[in-house]
Amino acid sequence: MSENCNNVKLPSGDELILSSSPHIHDNQSVRKIMLKVIVALLPAAAAGVFFFGLPAAGVILLTLASCVAAEAIWFFLAKRPLSPLGDCSAALTGLILALNLPPATPWWVCVLGGFLAIWVGKQVFGGLGHNPFNPALVARVALLIALPAALTTWTPTGIEAADSEFELSTYATPLGKAAMLKTTATPHGSAHGDIYAELATDDAYWNYFIGNRGGSLGETSCLALLIGGIALMLMKLIKWQIPLVFIATVGVFSGAVHFFAPAMTPPALFHLMTGGLLLGAFFMATDMVTSPMTTWGCVIFAFGCGVITCVIRIWGSYPEGVSFSILFMNALVPLIDRMCQLRPFGYVRKKA
Amino acid sequence: MAANKPIPPKPLSFPGGIHPAKDGKSLTEKKAVVAAPLFDRYVVQISQNVGAPPKLVVKVGDAVKKGDLLAEASGFVSVPLHAPTSGVISAVGDAPGPMGTLVPAVYLDADGRDEWTANRMAPLDWRTAEPAELKNRVRDAGIVGMGGAAFPTHVKLSPPPDKKIDTVILNGAECEPYLTADHRLMLEQPEKVLVGAAVMARALGVENIFIGVEKNKPDAIDKLNELAGKYGVKVVGLKVQYPQGSEKQLIYALTGRCVPEGGLPMDAGCVVQNVATAAAVCDAVESGVPLIERITTVTGTPLAAPGNFLVRIGTPVIRLVELAGGVTEEPRKLILGGPMMGFAQRSFEVPVAKNSSGVLLLAASEIVQYDSAGCMRCGMCLRGCPMHLSPGPLSMLIENEKFDLAAQNHVMDCLECGACAYACPAHRPLVQHMRRAKAEIRKRAKK
Ligand code: SF4
Ligand code: SF4
């Protein structure tokens, strides 16, 4: 037999690729991961559009587009190639930011948010992998502080508007209602804690579960968020410790407070199903770049997120604390990772 | 010694590691070993062992018989080299080596008669032979670690007196994707493997013998188990997880002991040998056959008929490619060894060495390009690392040439197993970084 086996030429020396081991790869890539997370968020986005109508779709598209545009403009101004756009991380940031905005956010707020997220939240630090804070949350919190009115104008869901049981002054979020009830109820008149009863009926819980309640565009439907979140956990694209510990901490903490002081706060289940907890726990606290790399680090990080969320919700001046808690814990990630770094396999302490 | 206490129950696995989804074993795991025909010419590299290269004892024009000495051991950490067949030494000179450089080699033109030497070693009865006799036989047969390390086996069988060895471990994990040579060996010649294990245990004076086999080879486990009792060997099925076959991880999986950082298996009271090495030991002792052939997996999707072949040491890889039916698609990468730790070759003329467990061809579509895109701190590499290092952060230190910090963060413990780079979604060349840091740190330590 010659060099020509089956008429296919064997490459000569120079044509053989020489590179270091390993020679095979998992076939995962940053782009694939980002796209999968985007797909996992689609149920939540769809639920938002279903309950809040077409304007919500506008908010999503606009925010997403402005994030991608912001990244492209940054690269252009920095005279860098546009290729990193292909990793889809800007699009994911845009989607997450949109899901955190009220359903009827004005267009210019969406655009501003997109630029804040990408420029201030990500690129000033050096781009993907270098940003200490979740870019979408940076934008969300910056907007909340700068434009509180635009960020707290909630829309009723299409269904809620027709047969709402709540006739409070605005179509606030359940957490907002709870906070309002707490301040308006006379402390002595409701010692039994049933001041929250109307928020914690079976009907109300059903609505929270499917997403028929006021709130940010993508945070309302527990069902949709669980579908996407559990899918990501099963695909091992997020570290399962983070959502589980985050949610469990909020449940136990708020449950304990409610048990001992029913008037302080609604029951645990209410805390778990309202606000941005599921969106935050599954999709924002788990952001690869800004969460710990070590396994125990993830547990500590998520526990911290849970505690801070509850403290803000129960004693803070904002009804919701998920975003703040994640941002705060983001800042601690390098420290947590250092603390939790494993010893090498077989490590022995050097004898002095 | 506290380290020597086994911690029951056995972990049967180790923390960290990866599970390659496409392990490529199905290409060859059902292919029985076929003896390669005699070829015209063999190219025997002179240095095939870790340590001192053996000293050449033949010259151009010499006629040799199969099993004749080509080179003799030149120190304690060195083994002799034997002629793979009978013929004439046609040249002594440079040949393509496994690391891409030219290495000295003996060119042996076969005479086609394949005649054994008259000086063949006599069979030994290992049950009565003295341990020293067995160790000498292992050295004289030129046996080295055939799983890839190529470390002289007799050295491992002669631990310093202050190290108490109580366990012999045979590595039948074969955790490298694509390779099935050890699998076929255990399935087709279980007795040889077991005898080899018993011989080594006798040489070391220990009675505790384990064979660790990944559970994806149930047929091999069954076959070994049928005979294991006779030789006092315990066959243990291990979790399928890369790198299960790495010495430190294997020792932990089988005994629960950790090899201390920077230490050797003997610091955990163990000696680890590959199953192919054990079979070679059996041949050397029972039949007086030196290490002149081995089972090698010749595989990869470009090949028409991948398989396992019994090949003489010194067979040029091109002959094996032909033996495996030639290629049906143009290969773009040639690897000696497995896909995780093997070495890419620049020539099909590179010969099979004592430690060549596999010849792997990859097509263009299967080749991974690593580039230095930014680390996105996902932590996948951390979870994959069997040594509990932080490859991502380490690689960034190394990129910035902070070798001292890298050393403080235990880069020297890296096995270069490639689990981290395999898992990295940013395709960072993590193993290259580790290698570079290790080389740099060693260089500085020497100064
Ligand atoms: S190559 Fe080194 S750093 Fe990477 S996983 Fe293996 S031991 Fe860990
Ligand atoms: S796997 Fe790659 S991207 Fe992820 S932390 Fe490790 S080096 Fe960074």
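This briefing describes selected local features of a predicted model.

**Helix α5 of chain A**

- Helix α5 of chain A runs over residues 135–146 and contains 12 residues.
- From its first C-alpha to its last, α5(A) reaches 16 Å, which is close to the 16 Å expected at 1.5 Å a residue.
- Because 9 of its 12 residues are buried, α5(A) is largely enclosed by the rest of the structure.
- The buried residues are A:Pro135, A:Ala136, A:Leu137, A:Val138, A:Ala139, A:Arg140, A:Val141, A:Leu143 and A:Leu144.
- These buried residues pack against other helices of chain A, namely α3, α4 (107–120), α6 (148–151), α13 (277–284) and α15 (322–340).
- The N-terminal end of α5(A) is capped by A:Asn134, which has a side-chain oxygen 3.1 Å from the backbone nitrogen of A:Ala136.

**Strand β9 of chain B**

- Strand β9 of chain B comprises residues 167–172; 6 of the 6 are buried, so the strand is largely enclosed by the rest of the structure.
- In a regular strand, side chains alternate between the two faces of the sheet.
- In β9(B) both faces are covered: B:Thr167, B:Ile169 and B:Asn171 are buried on one side, and B:Val168, B:Leu170 and B:Gly172 are buried on the other.
- β9(B) pairs in the parallel sense with strand β10 (residues 208–214) of chain B over 6 bridges, and B:Asn171 stands opposite B:Gly212 in β10(B).
- β9(B) also pairs in the parallel sense with strand β12 (residues 270–274) of chain B, over 5 bridges; here the bridge partner of B:Asn171 is B:Asn274.

**A buried serine, B:Ser78**

- B:Ser78 belongs to the loop between β5 (69–72) and β6 (81–82) of chain B.
- With a relative accessible area of 0%, B:Ser78 is buried.
- The side chain of B:Ser78 reaches the backbone nitrogen of B:Ser74 at 3.1 Å.
- Leaving aside residues up to four places away in sequence, B:Ser78 touches B:Asn49, B:Ala52, B:Pro53, B:Pro54, B:Ala73, B:Arg139, B:Pro152 and B:His154.

**Backbone features in loops**

- Most residues other than glycine have a negative phi, and most peptide bonds are trans.
- The peptide bond from A:Ser21 to A:Pro22 is cis, with omega near -5 degrees, and A:Pro22 lies in the loop between β2 (8–9) and α1 (30–52) of chain A.
- In chain B, the peptide bond from B:Tyr242 to B:Pro243 is cis, with omega near -5 degrees; B:Pro243 is located in the loop between β11 (233–238) and α6 (247–255).
- A:Asn27 is not a glycine, yet it has a positive phi of about 75 degrees.
- A:Asn27 is situated in the loop between β2 and α1 of chain A, and it counts as exposed at 55% relative accessibility.
- A:Lys79, another residue other than glycine, has a positive phi near 55 degrees.
- The loop that holds A:Lys79 runs between α2 (54–77) and α3 (89–99) of chain A, and A:Lys79 is exposed, with a relative accessible area of 76%.

Notes:
Residues are numbered from 1 along each chain as its sequence is written. Chains are lettered from A and ligands numbered from 1 in the order in which they are written. This is a predicted model: local features need pLDDT of at least 70, side-chain atom pairs count only at pLDDT 80 or more; totals for chains, interfaces and linings use all residues. Side-chain values use heavy atoms; hydrogens and water are left out. Helices (H or I, at least four residues) and strands (E, at least two) are DSSP runs, numbered from the N terminus. Buried means under 20% relative accessible area, exposed over 50%, partly exposed in between (1.4 Å probe, protein chains only). A polar contact is a pair of N or O atoms within 3.5 Å; within protein, one must be able to donate a hydrogen and the other to accept it, and residues adjacent in sequence count only if both atoms are side-chain atoms. Contact means heavy atoms within 4.5 Å. The expected span of a helix is 1.5 Å times one less than its number of residues. Two strands pair if DSSP finds at least two bridges between them.
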